[in-house]
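Please look through the report below with the sequence and the 3D model side by side. Each heading takes up one part of the chain.

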Amino acid sequence: MTPATKPRVLFVNRSYWPDAEATGQLLTELCESLADRFEVSVLCGQPNSNPGGEPFVAKGIQVRHGVTIHRLRHSQFNKSKPAGRIANLVTFTAAARRWLRGHSRFDIVVAETDPFLLPLVVGPHCARAGCHYVAYLQDIYPDIAIRLEMAKDNWFTRQLRNRLCRAYHSSKRMIVLGEAMKCELCQWGLPADKIVVVPNWIDCQSIVPSKVNNPFRDTRKWTGEHYVVMHSGNMGLSQKLDTLVAAVDCAAFPVNAKLALVGGGADQVRLQRLAANAKRSHDIELLPYQPRQRLGDSLSAADVHVISVDPRIGGTLMPSKLYGILASATPVLVIAPPASEVAQIVQHEQVGLVVPDHSPKLIAAGVAQLAKLDVAEQNAMQRRARELAESKYDRSICVARFACTLEQILERPVAPVPQVC
C-alpha cells in the first residue's frame with residue numbers, strides 16, 4: 001500500500017511529544033503505531049514538561065517517526081492558578097479552530113479532551129468538512145470539575161454539558177478508557193452502541209522489570225533494606241497526595257520505608273512544603289519527571305506504587321498510570337472506593353491492595369501490610385502484575401483495537417484485521 005492510498009487521520013490534542021505528561025506520551029505511541037496503516041497527522045500545542053530536553057519545532061510542521069506534527073503557539077501560564085489554566089485551554093482551542101478552518105483534507109479527525117473544549121470545535125468542523133469525527137475521551141468534563149468542586153453545577157456548566165453532549169452525539173464513535181466511563185456517558189443519554197472501550201496501555205517491550213541492581217534505586221542510595229513507596233506522574237490537586245505525605249508520620253508506616261513522589265503538577269509546591277514540615281521529612285523525596293528512556297528503571301525502583309483516586313470522580317476518568325506500574329512488575333496500593341474500576345482490577349487480579357479512603361492511618365497500615373508479605377508472596381504478586389500488563393494492556397493489543405475502530409468507521413480494512421477486532 002502506498003502512502004497516497006492511506007486514509008488520512010488527524011489527532012487533535014494539546015499534549016504530544018516531547019511532553020512528559022501521560023496523555024501526550026500515550027498519543028505519541030498511538031500515532032506512531034498507526035503510521036504504517038494510516039497517514040497520521042497531529043495538531044498539538046506546547047509541551048508542559050520536556051525532561052529529556054529534546055529539540056522540537058515550536059511552531060509549524062515537523063515529521064517524526066512517520067507522523068506529521070503541526071504545532072501551535074498558545075499561552076503557557078502556571079497551571080496551579082485557575083486563571084492560567086483557563087487561559088491556556090482557551091488560547092489553544094482558539095488556535096486549533098483557526099488552523100482547522102484552513103485544513104479539511106482528512107478522512108477522520110480524532111479529538112481528545114486536552115482541553116475539554118476541543119469537541120465543540122472539532123465536531124462542527126467535521127460536519128462542514130464532510131469527514132468523520134471521533135471523540136476520544138481521557139476524562140469527562142464538566143462532570144469531573146463539578147465533582148471536585150472546581151466548578152459549580154449551574155446554568156453555565158449545564159449548557160456546556162449539553163453542547164458537549166450534542167458534539168459527542170454527532171460523532172461517528174466515542175472512545176473511552178473503561179466501562180465506568182462508558183456508563184457515565186450512557187447516563188448523559190448517549191447511545192451505548194457508539195461508545196467503544198479502549199484502555200490506555202503500556203509498551204511492555206520498553207518498560208521491563210528491573211528489580212535487581214536497579215540504576216535509579218542505586219542513584220538515590222535506596223538499599224535493599226529500604227521499602228520504597230512511590231507515586232509517579234502528575235501531582236494534581238484532585239489526587240489528595242497530602243494524605244500520602246501525612247501517612248509517613250503515622251505510627252504504622254514502616255520505619256524502613258521511604259516515600260518518593262516522582263513527577264510534577266499543580267500541587268507540587270504545596271507537597272514540597274508539607275514534606276519539608278513532616279516529622280520524617282528525611283524519608284520523603286520529591287523528584288522530577290523522568291525521561292522516557294529511564295521510565296522503566298524509575299518505575300521498577302519502587303517496592304509498591306500508589307494510585308490515589310478522589311472518591312468523587314466516579315467514572316469520569318481512569319488512571320492510566322496503572323499500566324506502567326503493572327509492566328514494571330510492581331504491586332499497587334490503590335487509594336479509592338472498592339467499587340471503583342481501578343480498585344476492582346487490582347482486587348480481582350490480586351496485584352495489590354485497596355485502601356478505601358484517604359485516611360493517613362489507613363494508608364500507613366496498607367503500606368505496612370504489603371511490606372510484611374514474605375518473599376514468595378511478593379514475587380507472586382510481581383509476576384501477576386507483569387502477566388496482566390502483557391495479556392491485557394500491552395501497547396500492541398490496545399493500538400490494534402483502536403485501529404480496528406477506525407477501520408470500522410471507514411467501512412473497509414486498511415490492513416489485515418487484528419484478532420482483537
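## A histidine inside a strand

Leaving aside its neighbours within four places in sequence, with which residues is His231 in contact? The model is predicted, so local features need pLDDT of at least 70 and side-chain atom pairs count only at pLDDT 80 or more, while totals for chains, interfaces and linings use all residues. Residues are numbered from 1 along each chain as its sequence is written, and side-chain values use heavy atoms, with hydrogens and water left out.

His231 lies in strand 9 (residues 227-234), where helices (H or I, at least four residues) and strands (E, at least two) are DSSP runs numbered from the N terminus. Its contacts, meaning heavy atoms within 4.5 Å, are Gln239, Leu241, Leu244, Ala260, Leu261, Val262, Val306 and Lys321, once neighbours within four places in sequence are set aside. His231 counts as buried because its relative accessibility is 0%; buried means under 20% relative accessible area, exposed over 50%, and partly exposed in between, with a 1.4 Å probe and protein chains only.

In soluble globular proteins, nonpolar side chains tend to be buried together. A nonpolar core is a set of buried Ala, Val, Leu, Ile, Met, Phe, Trp, Tyr and Cys residues joined through side-chain atoms within 4.5 Å. The largest one here has 97 residues, and those with the most contacts inside it are Phe11, Leu34, Leu322, Phe402 and Leu406. Helix 15 (residues 395-410) gives the most to this core, with seven residues.

When neighbours within four places in sequence are left aside, Leu406 is in contact with Val9, Leu34, Phe38, Ile108, Val110 and Val134. A second, separate core has 28 residues, including Leu244, Phe253, Leu333 and Val355.

## Strands that pair

Two strands pair if DSSP finds at least two bridges between them. Strand 1 (residues 8-12) is largely enclosed by the rest of the structure, because four of its five residues are buried. Strand 1 runs parallel to strand 2 (residues 39-44), to which five bridges join it, and the bridge partner of Val9 in strand 2 is Val40.

Strand 3 (residues 60-64) and strand 4 (residues 67-71) also pair over five bridges, but in the antiparallel sense. These two strands form a hairpin with two residues between them, and His65 in the turn has a positive phi of about 50 degrees. Val63 stands opposite Thr68 in strand 4.

## A buried valine and a partly exposed proline

Val122 is found in helix 3 (residues 118-129), and it counts as buried because its relative accessibility is 0%. Not counting residues up to four places away in sequence, Val122 touches Val12, Leu100, Val109, Ala111 and Tyr133. Although Val122 and Val12 are 110 residues apart along the chain, their C-alpha atoms are separated by 8.4 Å.

Pro337, by contrast, sits in the loop between strand 13 (332-335) and helix 12 (341-349). Pro337 is partly exposed, because its relative accessible area is 26%. Its contacts, with neighbours within four places in sequence left aside, are Pro311, Ala343 and Pro356. The C-alpha atoms of Pro337 and Ile140 are separated by 19 Å, and these residues are 197 places apart along the chain.
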